[in-house]
Amino acid sequence: KSPVHVGGVVSPFADFIAPGLIISQGMMGPAFANASFSLLVGKIQGTIVDYLQPPLSTAELLAALVGGAMTRAFLV
């Protein structure tokens, strides 16, 4: 193992990188799952018009979906 110097402390690389990977995967998975699942279910159930009917631009709709996904990721 090659040591990593972080804030003056020497630690093995696995001890340094593992917590970050675990946390980031724990956030990115639910964030992606939320956005993709809601779009897929809307298409299957025929409720996708709920996304398309409001007078929102594409950017506003995308911002709302990304905001919902980020909110769920932080709560998880």
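Visitor: What makes up the fold of the chain?
Guide: The chain has three helices and two strands. In sequence order the pattern is β-β-α-α-α.

Visitor: Why is methionine 70 called partly exposed?
Guide: Its relative accessible area is 43%. Buried means under 20%, and exposed means over 50%. The value of 43% lies in between, so methionine 70 is partly exposed. Methionine 70 is located in helix 3.

Visitor: Why is glycine 67 called partly exposed?
Guide: Glycine 67 has a relative accessible area of 28%.

Visitor: What makes the nonpolar patch on the surface?
Guide: Leu62, Val66, Met70 and Phe74 form that patch. Together they have about 420 Å² of accessible area. A patch residue needs over 30% relative accessible area. Met70, at 43%, passes that cut-off.

Visitor: How many of the residues are buried, as a percentage?
Guide: Buried residues are 9% of the 76 in the chain. The chain exposes about 5800 Å², and carbon and sulfur atoms supply 73% of that area.

Visitor: What share of the contacts joins residues 24 or more positions apart?
Guide: The share is 41%, counted among contacts with a separation of 6 or more.

Visitor: Where is confidence lowest, and where is it highest?
Guide: Strand 1, residues 3–6, is lowest, with a mean pLDDT of 66. Helix 3, residues 58–75, is highest, at 83. The chain averages 78, and 83% of the residues score at least 70. Where pLDDT is low, predicted coordinates should not be read in detail.

Conventions: Residues numbered from 1 in each chain as written. Predicted model: local features only at pLDDT ≥ 70, side-chain atom pairs only at ≥ 80, totals over all residues. Heavy atoms only, no water. Helix = DSSP H or I, 4+ residues; strand = E, 2+ residues; numbered from the N terminus. Buried < 20%, exposed > 50% of the residue type's maximum accessible area, 1.4 Å probe, protein only. Contact = heavy atoms within 4.5 Å. Areas by Shrake-Rupley, 256 points an atom, 1.4 Å probe, with all protein chains shown as cover. pLDDT = per-residue confidence, 0-100. Patch = residues over 30% accessible without salt bridge, like charges linked within 9 Å, V, L, I, M, F, W, Y side chains within 5 Å. Salt bridge = Lys/Arg side-chain N within 4 Å of Asp/Glu carboxyl O.
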